[in-house]
Amino acid sequence: MPVHCRYSRGTDQHRLNRRLLQQRCDSLLYLLGRTTATVSVVFIDDHEMAAYNLQYRNKQGPTNVLSFPVDTDNRDGFLYPEDELGDILIAVDTARREAMEQKSGLHHRLTELIVHGMLHLIGYDHERSESEAEHMQHYEQQLFQQIQTTRSSPMPFLAINVDHVATIRQARGGVEPDPVLAASLCELAGADGIVVHLREDRRHILDRDVRLLRQTVKTRLNLEMANTPEIIDLALEVKPDMITLVPEKREELTTEGGLDVPAHAKNIAKTIARMQAAGIPVSIFIDPDATQAQAALDVGATYVELHTGNYCEARTMEEQEQQYTLIEQVSELAYELGLKINAGHGLDYRNVHPIAALPFIDELSIGHAVISRAVLVGLENAVREMLTIVRSV
């Protein structure tokens with residue numbers, strides 16, 4: 001491969017997504033029109049960077065990035081590949097501190113440093129003049145925006161929430177349409193999982209549905225639930241593939257926001273311990289907030305599901321971009337904490353693509369938009385249409 005990424009042992013303390021960093025390096029060479037070039041990007045710790053800084057720059061302490069372009073005019077008799085650009089050294093410890101100061105994620109900062117180092121290799125130098133520094137900074141920002149949404153996995157999974165099939169059934173008090181049958185059709189159409197929310201007031205999904213779904217779902221069953229004794233007992237009995245703890249108000253039409261984890265940490269931790277003892281992974285539905293993500297980790301969650309409702313309901317482009325940035329930043333921070341990340345609420349055929357393209361989100365949970373579309377085109381077609389969008393990232 002044209003970019004050789006290497007990692008010293010001193011970086012093992014950081015949770016680095018090596019696949020994502022490799023993809024971003026390769027994408028950068030493509031954007032620079034240097035796909036045949038060879039570059040080494042070496043991720044090291046501060047101690048190692050300080051040694052290089054002293055040896056080659058006669059300066060004390062670490063710096064965030066060093067670039068060593070190949071000197072084509074003085075190769076000292078060594079044979080280099082024809083299009084060898086050189087080496088980039090990045091101090092991950094320093095990058096982590098800078099990311100915290102910027103209130104961004106580590107991978108965000110590492111990507112900025114990769115771009116900066118690569119531009120130095122191809123001849124840019126911000127120290128030559130103020131005008132070149134300004135031009136280089138502008139180009140860095142442009143390249144960063146183009147490569148930062150490279151995914152860390154080929155595509156996110158799509159789980160379909162069938163609650164609203166049950167809502168239609170309950171409107172007449174009969175037996176049709178059956179959410180269990182609907183779940184089977186979703187799986188036949190290619191869905192990667194099924195989601196249901198068993199509410200305390202049983203306004204749509206019923207205990208019967210959950211038990212039958214546990215027997216029939218072939219992919220993965222995610223049970224959304226409030227942290228209440230009755231629902232906890234049923235989850236432990238049924239043993240879904242995972243549960244998602246959500247806030248619940250009787251007067252709300254649908255879940256209106258994320259769970260306040262710090263405010264309920266003690267009770268949540270007890271429930272997670274019981275679920276883990278039964279082999280059931282736990283996700284917590286949270287607003288895109290770094291404090292909530294850290295609290296979810298502290299109480300023992302395996303996943304967080306980021307609430308995308310504010311992004312979906314934004315009335316202006318500026319507001320939507322702000323909400324998108326929050327989701328982007330918190331998804332990266334949650335990943336670096338060691339959590340797995342899902343996202344959902346309000347996603348539809350028009351707004352899902354940017355969220356699906358975010359590199360750290362593993363799964364999207366979508367219900368209302370798909371069931372609404374199914375009224376017009378059929379359930380299987382509605383699922384396939386959504387899958388086409390999600391898998392196009």
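Trainee: Into which domains is the chain divided?
Mentor: Domain bounds come from an automatic or database domain assignment. Here the chain splits into domain 1 (3-149) and domain 2 (157-391). This is a predicted model, in which local features need pLDDT of at least 70 and side-chain atom pairs count only at pLDDT 80 or more, while totals for chains, interfaces and linings use all residues. Residues are numbered from 1 along each chain as its sequence is written, and side-chain values use heavy atoms, with hydrogens and water left out.

Trainee: How many residues does the contact take from domain 1 and from domain 2?
Mentor: Contact means heavy atoms within 4.5 Å. Domain 1 supplies 14 residues and domain 2 supplies 12 residues. The C-alpha centres of the two domains are 38 Å apart.

Trainee: What is the area buried between domain 1 and domain 2?
Mentor: Buried area is the accessible area (1.4 Å probe) that two parts lose on being put together, summed over both. For domain 1 and domain 2 the value is about 1,100 Å², and carbon and sulfur atoms give 47% of that area.

Trainee: Which side chains meet in a salt bridge?
Mentor: A salt bridge is a side-chain nitrogen of Lys or Arg within 4 Å of a carboxyl oxygen of Asp or Glu. Arg-96 and Glu-336 form one through their side chains, at 3.5 Å from N to O. The rule finds 1 salt bridge across the interface of domain 1 and domain 2.
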